[in-house]
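Please open the model in your viewer and keep the sequence panel beside it. The tour goes from one selection to the next, and at each stop it says what is there.

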Amino acid sequence: MTFGPCCDVAWGIHRDVTLSDGALLIDRRGLETLFQALGSQGYTVIAPTVRDGAIVYDEVDGIEELPAGVTDIQQPGSYRLSTRDDGALFGYAVGPHSWKKYLFRSEAVVFRARLDAERGFVPSEAGEPAATRYAFVGVRACEVAAIEVQDRVFLEGSHRERDYESRRDGAFVIAVQCGEPGGTCFCVSMHTGPRAESGFDLALTELVDAQLHEFVVEVGSARGGAIMASVPSRPAQSRDLGAARAVSDRAASRMGRTMESDGLPQRLAELLEHPQWDDVASRCLSCTNCTLVCPTCFCSSVEDTTDLTGTEAIRTRRWDSCFTLDHSYIHGGSVRASTRDQYRQWLTHKLSTWVDQFGTSGCVGCGRCITWCPVGIDLTAEVAALLAPAD
Amino acid sequence: MNTPEVPRKPSIAVWKFASCDGCQLTLLDCEDDLLAVAGEVELAYFLEAGRASVGGPYDLSIVEGSITTAGDAARIREVRAMSKRLVTIGACATAGGIQALRNFGDVKEFLAIVYAQPQFISTLTDSTPIAAHVPVDFELRGCPITKTQLLEVIGAFLHGRRPNVSPHSVCVECKRAGNVCVTVAHGTPCLGPVTQAGCGALCPSYNRGCYGCFGPMENPNLPSMVQTLRYQGVDDGGVIRMLRTFNAGAPPFRDASEAIEAEARGSEA
């Protein structure tokens with residue numbers, strides 16, 4: 001294979017980019033223009049940015065707020081930022097936040113109601129106003145997969161989650177193909193990454209070395225193509241595509257963790273009385289962190305409260321967790337009253353009964369539950385211990 | 001007999017035992033909401049608000065403070081006897097408060113050191129929560145309690161429903177707020193995983209570890225928490241001090257701190 005010099009092809013505006021076209025190449029200024037184009041089309045741009053010693057997802061005004069030259073070091077129960085000398089904008093793995101904080105909000109008013117003397121409580125408004133249109137920049141392959149998992153939960157069942165639906169419909173997804181997997185990543189085991197093949201409007205692969213800093217842009221939708229029409233770009237050459245592929249291949253070979261996933265749902269279903277559940281329960285704090293950082297966990301509680309006069313009522317939905325006693329509370333008590341039962345419920349739902357319920361695994365291999373567990377419980381190690389042959 | 005009556009407003013009494021008054025002042029801190037409270041209830045006995053008092057019985061008694069004297073142990077029974085519902089507020093009333101540190105020491109020794117005339121001091125050896133003496137309908141945690149939770153408890157009482165006060169960990173509030181975990185990302189010792197929510201994750205929101213003001217969460221795993229604190233470099237004396245603050249007497253915290261002491265004695269022997 002021969003590589004042509006990149007300067008042969010002029011940068012320019014390509015007005016007729018469509019889904020069928022090949023990939024494009026942009027530089028940092030092109031990325032800045034893309035951010036501006038999203039803003040001018042009314043999107044609120046959410047992207048990775050550094051805050052409080054971590055790379056979080058937050059609203060940004062431009063690419064200067066991206067974590068340039070920052071990376072993360074992740075291990076069970078530990079996350080630290082570090083620096084890298086190549087100035088990469090996306091040279092890190094996923095952090096404490098996931099996109100669910102925008103799509104499935106941690107707290108939302110379902111409705112408000114007012115007491116009517118004859119009709120009882122009457123809803124006075126149907127939920128909150130129309131959602132913001134978000135552009136998510138830096139969505140990793142595991143996160144694209146996670147959003148698709150939540151789509152099945154919230155949009156494809158018999159009840160559609162209206163708040164989620166309104167936010168999801170408007171969301172513009174710019175994926176970033178991972179180049180720097182974290183110490184707790186295992187997307188390769190879960191077949192969700194490190195490359196996103198679909199589920200995005202645009203997908204960027206960052207090519208950065210001493211000489212150049214460019215991004216191969218794959219176009220995944222018509223509106224993705226439309227927005228690229230306003231961004232200076234040039235068609236990606238085979239050497240650019242080869243370099244992008246090499247980024248993903250290298251990431252795939254550097255996963256921090258592996259998990260045995262073959263036949264896992266059936267095998268776990270037969271291990272419900274395994275002594276390992278007691279072992280993990282001795283370490284687990286039931287603190288809920290694993291579930292709340294998980295990009296697919298969708299449990300919530302719904303609370304009705306009244307004001308002091310008893311005439312105004314609010315129904316609120318909040319993130320909840322299978323690790324709280326109230327979550328499984330029914331008449332007579334909590335169904336899962338011990339940490340052992342709670343952890344077993346979480347792990348077997350995520351990796352086994354989720355498949356029965358939704359047709360896919362509930363785990364995308366992002367590693368957040370491992371990194372953000374205060375006591376460093378490693379899902380992949382727990383599964384390995386459960387599957388290990390008895391002594 | 002069919003004469004319509006104006007419904008009597010429920011009467012509320014606020015009582016103080018061994019405490020700093022901070023929790024009952026939370027009621028006065030309700031500001032605008034205080035007017036709403038005053039509109040719905042008769043504040044029959046509330047010395048922080050006014051000297052006028054109406055005799056019992058009361059529909060709701062709000063009790064602050066712990067029991068530290070024989071006199072108070074008798075008085076709480078009288079309060080209970082004239083109250084339809086009794087709600088305790090704050091770490092003192094629900095766990096014995098910071099004064100429960102005496103439970104780990106020798107009160108006579110303290111008296112001899114602190115008072116010139118210790119013979120005039122009449123006190124119990126332990127500081128105990130109200131629920132150790134009389135039945136309690138609801139315990140509202142915190143040092144101090146949270147204003148919105150107090151209003152929720154009063155509102156729930158007025159309308160005969162269960163208060164929406166969650167007994168899960170502080171971590172839930174941190175994650176809902178989008179906070180970066182101070183333990184995982186900074187290595188800061190934090191009692192959030194074993195502490196009940198209610199403060200809105202106040203300290204972690206300012207990058208401080210949780211001090212445990214709201215006492216143990218519903219099913220705390222103290223042995224694992226203690227291991228984690230040690231792993232983070234907190235020595236045993238430090239772990240004991242973390243567990244012995246406002247909720248030192250709460251059984252899970254008390255047992256964990258005593259277990260560390262017992263371990264130290266075992267290794268000395």
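How far apart do the C-alpha centres of domain 1 of chain B and domain 2 of chain B lie? They lie 25 Å apart.

Before selecting anything, note that this is a predicted model, in which local features need pLDDT of at least 70 and side-chain atom pairs count only at pLDDT 80 or more, while totals for chains, interfaces and linings use all residues. Residues are numbered from 1 along each chain as its sequence is written, chains are lettered from A and ligands numbered from 1 in the order in which they are written, and side-chain values use heavy atoms, with hydrogens and water left out.

**Stop 1: the two domains of chain B**

Select residues 11–158 of chain B as domain 1 and residues 170–268 as domain 2; these bounds come from an automatic or database domain assignment. The contact between them (heavy atoms within 4.5 Å) takes 13 residues from domain 1 of chain B and 17 residues from domain 2 of chain B. The two domains bury about 1200 Å² between them, and carbon and sulfur atoms give 60% of that area; buried area is the accessible area, found with a 1.4 Å probe, that two parts lose on being put together, summed over both. Now pick out B:Phe104, B:Arg141 and B:Cys143, the residues of domain 1 that lose the most area to domain 2, together 48% of what that side buries.

Across this interface the rule finds zero salt bridges, a salt bridge being a side-chain nitrogen of Lys or Arg within 4 Å of a carboxyl oxygen of Asp or Glu.

**Stop 2: where chain B meets chain A**

Next, show both chains and look at the contact, which takes 39 residues from chain B and 45 residues from chain A. The chains bury about 3100 Å² between them, 53% of it on carbon and sulfur atoms. On the side of chain B, select B:Lys175, B:Arg176 and B:Val184, which lose the most area to chain A, together 22% of what that side buries.

Which residues form a salt bridge here, with the closest N and O atoms 3.5 Å apart? They are B:Arg162 and A:Asp326, and the rule finds one salt bridge across this interface. The count of residue pairs in polar contact between the chains is 24, again with both residues at pLDDT 80 or more.

**Stop 3: salt bridges within a chain**

A search of the whole structure finds 41 salt bridges over all chains. In chain A, select A:Arg283 and A:Glu382, whose closest N and O atoms are 2.9 Å apart. A:Arg283 is in helix H9 (residues 276–283) and A:Glu382 in helix H13 (residues 379–387), 99 residues apart; helices (H or I, at least four residues) and strands (E, at least two) are DSSP runs, numbered from the N terminus. A:Arg283 counts as partly exposed at 26% relative accessibility, whereas A:Glu382 is buried at 5%; buried means under 20% relative accessible area, exposed over 50%, and partly exposed in between, with a 1.4 Å probe and protein chains only.

Now move to B:Asp59 in chain B, which counts as buried at 9% relative accessibility. B:Arg8 forms a salt bridge with B:Asp59, the closest N and O atoms being 3.0 Å apart. Because B:Arg8 lies in the segment before strand S1 (11–16) and B:Asp59 in strand S3 (residues 58–64), the pair ties together parts that are 51 residues apart in sequence. The side chains of B:Lys84 and B:Asp59 also meet in a salt bridge, at 3.1 Å from N to O, and B:Lys84 is in strand S4 (residues 83–89), 25 residues from B:Asp59. Both partners count as exposed, B:Arg8 at 56% relative accessibility and B:Lys84 at 57%.

**Stop 4: the largest nonpolar core**

Finally, select A:Leu31, A:Leu34, A:Phe35, A:Leu38, A:Phe90, A:Leu202 and A:Met228, which touch the most other members among the 40 residues of the largest nonpolar core. Such a core is a set of buried Ala, Val, Leu, Ile, Met, Phe, Trp, Tyr and Cys residues joined through side-chain atoms within 4.5 Å.

Terms used: Polar contact = N/O pair within 3.5 Å; in protein donor to acceptor, adjacent residues only side chain to side chain.
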